[in-house]
Amino acid sequence: MNVINEIKFTMPSLSVNESVARSVVSSFLIQSDPTVEELSDIRTAVSEAVTNSVVHGYRHTKGKIELTMKLLENREIYIKIRDKGCGIADVEQAMEPLFTTAPEEERSGLGFSLMQTFMDKLTVKSTVGKGTTIIMRKRLENNGD
């Protein structure tokens, strides 16, 4: 993995920081000249991952969410969202469309499905009591360079 540029950003698990994460992602990606659709897709995937950490990972507690972004060779974007929250007991079940652990908060259970739709690759690793790490990758279109 040949890294051209990278950033790491840590934020408290506050719902307001979901929009901050989208802004950080946008600012970092501008150097790659993504299409409007690519930028929108990546921002949505990051938004869903951060929201999952806030709503499900930390539930009614507070913690830190780490956002790492890397620009790799061949216009590939690597994004890691990590929390040290409650973790996911059954990752496969959690990734099923419409599954949610927070129905009382009217959650739709589509977060992982949206991430899979908008990104080329999605990996979810989790340990109960230790947290969850989401890794997403997407190759941007060739911009003619």
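Predicted model: local features only at pLDDT ≥ 70, side-chain atom pairs only at ≥ 80, totals over all residues.
**Figure 1. Arg 59, a residue with positive phi in the loop between H2 and S2.** At 35% relative accessibility, Arg 59 counts as partly exposed (buried means under 20% relative accessible area, exposed over 50%, and partly exposed in between, with a 1.4 Å probe and protein chains only). Its phi is positive, about 40°, although Arg 59 is not a glycine. Most residues other than glycine have a negative phi. Residues are numbered from 1 along each chain as its sequence is written, and side-chain values use heavy atoms, with hydrogens and water left out.

**Figure 2. Asp 33, in the loop between H1 and H2.** Here is another non-glycine residue with a positive phi, about 50° for Asp 33. Asp 33 is partly exposed, with a relative accessible area of 48%.

**Figure 3. Helix H1 and what covers it.** H1 takes in residues 17-29. Which residues of H1 are buried? They are Asn 17, Glu 18, Ala 21, Val 24, Val 25, Ser 26, Phe 28 and Leu 29. The cover over these buried residues includes strand S1 (3-12), helix H2 (36-57), strand S2 (64-72) and strand S3 (76-83).

**Figure 4. The packing of H1 against H2.** The two helices pack at an angle of about 145°, with their axes 9 Å apart (axes are lines fitted to C-alpha atoms, for helices over the stretch in contact, and angles run from 0 to 180 degrees between N-to-C directions). The crossing of H1 and H2 is right-handed (left-handed means that the near helix is turned anticlockwise from the far one by less than a right angle, right-handed that it is turned clockwise). From H1, Glu 18, Ala 21, Arg 22, Ser 23, Val 25, Ser 26 and Leu 29 meet Leu 39, Ile 42, Arg 43, Val 46, Ser 47, Val 50 and Thr 51 of H2. By class, this contact has seven nonpolar, four polar and three charged residues (Ala, Val, Leu, Ile, Met, Phe, Trp, Tyr, Cys and Pro count as nonpolar, Asp, Glu, Lys and Arg as charged, and the others, Gly among them, as polar; contact means heavy atoms within 4.5 Å).

**Figure 5. The open sheet of five strands.** Follow the order S1-S2-S3-S5-S4, in which the pairing is antiparallel (two strands pair if DSSP finds at least two bridges between them). S1 and strand S4 (121-127) stand at the edges with a single partner strand each, so one side of each is left without a neighbour in the sheet. From one strand to the next, the twist averages 10°. H1 packs on the sheet, touching S1, S2 and S3, and its direction makes about 165° with that of S1. H2 also packs on the sheet, touching S1, S2, S3 and strand S5 (131-139), and its direction makes about 10° with that of S3.

**Figure 6. Strand S5 and its partners S3 and S4.** S5 is mostly covered, with seven of its nine residues buried. Eight antiparallel bridges join S3 to S5, and Arg 139 in S5 is the bridge partner of Glu 76. In the hairpin of S4 and S5, three residues lie between the strands, and Gly 129 takes a positive phi near 85°.

**Figure 7. Ser 13, a buried residue in the loop between S1 and H1.** At 2% relative accessibility, Ser 13 counts as buried. Where is Gly 63 relative to Ser 13? Their C-alpha atoms are separated by 5.4 Å, although the two residues are 50 residues apart along the chain. Leaving aside its neighbours within four places in sequence, Ser 13 is in contact with Val 54, Tyr 58, Thr 61, Lys 62, Gly 63 and Ile 65.

Terms used. Helix = DSSP H or I, 4+ residues; strand = E, 2+ residues; numbered from the N terminus. Expected span 1.5 Å × (residues − 1).
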